[in-house]
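Please keep the sequence and the three-dimensional view at hand while reading.

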Amino acid sequence: MQGTHLLLEEPIRMISVLEPSKTSFFPAMTKIVGTLGPKSRSVEVIEGCLKAGLSVARFDFSWGSDEYHQETLENLKKAVKNTKKLCAVMLDTLGPELQVFNKNGTPIELEANAVVTLTPDSSREASSELLPINYAGLAQVVKQGDTIFVGQYLFTGSETTSVWLEVAEVKGQDVVCLVKNAATLAGSLFTMHASQVRIDLPTLSDSDKHVISTWGVKNNIDFISLSYTRHAEDVRQTRAYLSKLGDLNQTQIFAKIETIEGLKHFDEILQEADGIILSRGNLGIDLPPEKVFLFQKAAVYKCNMAGKPSIITRVVDSMTDNLRPTRAEATDVANAVLDGTDGILLGAETLRGLYPVETISIVGKICAEAEKVHNQAAYFKKTVKYVGEPMTHLESIASSAVRAAIKVKASVIVVFTSSGRAARLIAKYRPTMPVLAVVIPRLTTNWLKWSFTGAFQARQCLAVRGIFPMLADPKHAAETTSATNESILKIALDHGKAAGIIKPHDRIVVFQKVGDSSVVKIIELEE
């Protein structure tokens with residue numbers, strides 16, 4: 001371990017708690033996914049978010065028009081250009097999400113022990129006695145005693161803006177419910193979740209397909225967050241659909257686990273998906289509260305061992321309206337990092353929260369502090385043991401690169417890659433120093449035109465903990481000479497120096513391919 005890193009198993013000097021946090025070009029190894037919306041869509045605010053540590057911009061298509069999201073994306077592009085900070089784009093699908101409509105937008109007051117009816121008749125006006133919903137089949141799948149939650153965007157069921165309903169009886173297509181807590185539903189659209197009830201709707205809806213084939217294709221989206229993923233087949237079908245949409249065959253699929261059904265099929269889903277989003281909002285309703293942490297730890301561990309990124313949601317909800325997180329929330333963020341998560345996803349906190357930039361900044365600082373006490377040595381041994389022998393050639397070299405970097409106290413690992421795979425394998429072993437992934441463009445053809453790959457692969461590294469990508473000049477093709485590699489390495493080192501992560505006399509570990517072989521070398525910089 002580097003000398004500046006403590007371990008949680010070691011005695012932590014109380015004076016170290018009082019030392020001020022150090023700022024750096026890279027706020028944290030852990031990535032931050034931020035949802036852009038009403039409070040975070042101007043160029044100025046997005047620039048602030050990027051500078052604070054935003055890596056992936058999430059566009060939630062459960063609300064808003066294509067035109068609205070396009071305007072936001074154009075502002076993101078301007079902010080990226082102004083700040084010179086790379087940012088990936090994630091499209092979050094609607095999926096089989098149940099919704100309550102409140103067409104006139106008048107706040108709905110619900111009193112405890114009152115009765116309210118859920119109806120699929122969308123022509124009716126919402127009131128404290130009647131809530132129109134978007135699913136005609138609810139009456140066929142619920143029974144007396146089932147639990148239903150309703151709230152704006154995200155909810156917990158224990159606050160005054162969310163309501164917990166208990167099914168009392170079914171009348172035709174209507175579901176009569178008992179209100180369990182007083183709440184005010186403000187807004188025109190609410191999310192509804194029927195706990196542990198299977199909703200017979202496709203995971204990739206027709207509206208999702210339309211958005212992907214139009215907005216997604218137009219903007220070459222980097223990631224799809226596949227809401228309500230329940231089976232591995234959901235991922236396979238989505239990938240088959242993307243394969244027909246030109247460049248989107250490169251788009252990565254992050255399966256969003258938010259129901260008991262998805263949890264039951266987690267292993268098969270993980271095998272098919274490129275990454276996992278642990279949606280603790282909905283899943284926290286399906287699971288007993290005392291089981292949520294077990295799911296998180298087990299799921300993150302499985303993702304770590306598979307070398308696939310995991311992203312956790314619902315960590316600093318209170319920052320939607322407050323400038324500081326609660327003590328429990330701050331600890332929750334840190335524990336997620338210590339569990340091994342790759343990223344933290346901010347939803348309402350940045351979408352409609354009052355302090356989007358400050359939220360990203362504070363979450364980044366908490367992540368950075370937690371990373372300092374992450375026991376990398378124990379993690380490395382656990383990962384090597386899990387992988388077993390014989391390792392693949394590439395994994396063996398990648399793990400050796402991390403071991404060498406730690407032994408020589410390297411300041412950074414530079415990895416040359418065209419697909420991003422080598423960089424992700426190195427990051428799998430959680431080195432304590434940044435992984436600077438130099439993505440080498442590759443010239444490809446579809447028999448109609450020639451094009452360079454590389455931009456997708458660079459941005460997709462932004463969802464993986466510890467990787468900081470840069471795209472090499474397209475004139476440096478993937479099939480390069482050693483002289484060209486040296487030229488690209490110099491550019492990468494200059495970038496590291498400018499970022500303040502590389503200083504004179506530092507040691508650098510370089511991972512690159514020479515011919516058919518993968519090589520790890522150690523460089524000691526001069527003045």
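Strand β6 (residues 115-119) is joined to β7 by 3 bridges, and the two run parallel. Within this pairing, T119 stands opposite P132 of β7. Two strands are said to pair if DSSP finds at least two bridges between them. Strands (E, at least two residues) and helices (H or I, at least four) are DSSP runs, numbered from the N terminus.

The model is predicted: local features need pLDDT of at least 70 and side-chain atom pairs count only at pLDDT 80 or more, whereas totals for chains, interfaces and linings use all residues. Residues are numbered from 1 along each chain as its sequence is written, and side-chain values use heavy atoms, with hydrogens and water left out.

Strands β6 and β7 belong to an open sheet of 7 strands, ordered β4-β12-β8-β9-β10-β6-β7, in which the pairing is mixed. Its edges are formed by β4 (98-101) and β7 (130-132), each of which pairs on one side only. On average, neighbouring strands of this sheet are turned by 35° against each other, direction ignored. Such angles run from 0 to 180 degrees between N-to-C directions, and the axes are lines fitted to C-alpha atoms, for helices over the stretch in contact.

A second sheet is a closed barrel of 8 strands, β1-β2-β3-β13-β14-β15-β16-β17, with parallel pairing.

Helix α5 (residues 206-219) lies across β2 (54-60), β3 (88-92) and β13 (223-226), and runs at about 160° to β3. Helix α5 also packs with helix α3 (residues 66-83), at an angle of about 20° and with the axes 12 Å apart. The two helices are therefore roughly parallel, a term for angles under 35 degrees, while angles over 145 count as roughly antiparallel, 65 to 115 as roughly perpendicular and the rest as oblique. Residues D66, H69, Q70, L73 and K77 of α3 make the contact with H210, V211, T214, W215, K218 and N219 of α5, contact meaning heavy atoms within 4.5 Å.

Helix α6 (residues 232-242) contributes the buried residues A232, D234, V235, T238, Y241 and L242. Buried means under 20% relative accessible area, exposed over 50%, and partly exposed in between (1.4 Å probe, protein chains only). Among the elements covering these residues of α6 are α5, β13, β14 (252-257) and α8 (266-272).

Another helix pair is formed by α14 (residues 376-387) and α15 (residues 393-407), which pack at an angle of about 165° with their axes 12 Å apart. These helices are therefore roughly antiparallel to each other. Their contact is made by Q376, F380 and V387 of α14 and by E395, S399, V402, R403 and I406 of α15.

The cysteines remain to be considered. With a disulfide taken as a pair of cysteine sulfur atoms within 2.5 Å, the count comes to 0 disulfides. C49 is in no disulfide, and the nearest cysteine sulfur, that of C87, is 9.2 Å away. C49 is buried, at a relative accessible area of 1%. C367 likewise counts as buried, at 0% relative accessibility.
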